[in-house]
Amino acid sequence: MADAKYTLMGRDGRPYASTTPGSLGGYRRRKLYGRLDCPSALRALARGRYVRHRVFFADEETAVAAGYRPCAVCMPRQYARWKARGGGSVVRGGLGGPPWKRE
């Protein structure tokens, strides 16, 4: 792909070269995605943060498949659906939380 100018994130969470730009931006550290004109993302970018961890997706289906969640600011309907399906209640560590809270 000699003409590839863009790096997008694939369904497997790995970057790949593309000749077309992504339609959604994401933040790798929090695993969220949103519109390229998201006010929250633009504020973070203006402060100089976020850039190192910025990723791009071809479409929403790819972002979801890569394990990212929708942004609550610029994609409120998609975020509400994600939240209603149990998003955000992931038990980290796989054993029901920290050892001092297990019974």
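Colleague: What should I keep in mind about the model before reading its features?

Modeller: It is a predicted model, in which local features need pLDDT of at least 70 and side-chain atom pairs count only at pLDDT 80 or more, while totals for chains, interfaces and linings use all residues. Residues are numbered from 1 along each chain as its sequence is written, and side-chain values use heavy atoms, with hydrogens and water left out.

Colleague: What average pLDDT does the protein have, and where is pLDDT under 50?

Modeller: pLDDT is the predictor's confidence in each residue, from 0 to 100. The protein averages 85, and 83% of the residues score at least 70. Over residues 90-103 pLDDT stays under 50, and for that stretch the model has six contacts beyond four places in sequence, a contact being heavy atoms within 4.5 Å.

Colleague: How many helices and strands does the protein have, and in what order do they run?

Modeller: Helices (H or I, at least four residues) and strands (E, at least two) are DSSP runs, numbered from the N terminus. Here there are three helices and six strands, and from the N terminus on they run β-β-β-β-α-β-α-β-α. Of the contacts with a separation of 6 or more, 53% are between residues 24 or more positions apart.

Colleague: Is Lys31 buried or exposed, or partly exposed?

Modeller: Buried means under 20% relative accessible area, exposed over 50%, and partly exposed in between, with a 1.4 Å probe and protein chains only. Lys31 is partly exposed, at a relative accessible area of 35%, and this residue sits in the loop between strand S3 (24-27) and strand S4 (32-35). Its phi is near 55°, a positive value in a residue other than glycine. Across the protein, buried residues make up 30% of the 103 residues.

Colleague: How much space lies in the largest pocket, and which residues lie nearest its centre?

Modeller: Rolling a probe the size of a water molecule over the atoms shows where empty space is left. On a 1 Å grid over the protein atoms alone, a pocket is an open set of points where a 1.4 Å probe fits, with protein on both sides within 12 Å along at least five of seven lines, and lining residues have an atom within 4 Å of a point. A volume is the space filled by probe spheres set on the points, which are joined across faces, edges and corners. The largest pocket holds about 370 Å³, and of its 22 lining residues Tyr27, Leu32, Ser40, Ala44 and Tyr50 lie nearest the centre. S3, S4 and H1 each give two or more residues to this lining, with S4 giving the most, four residues.
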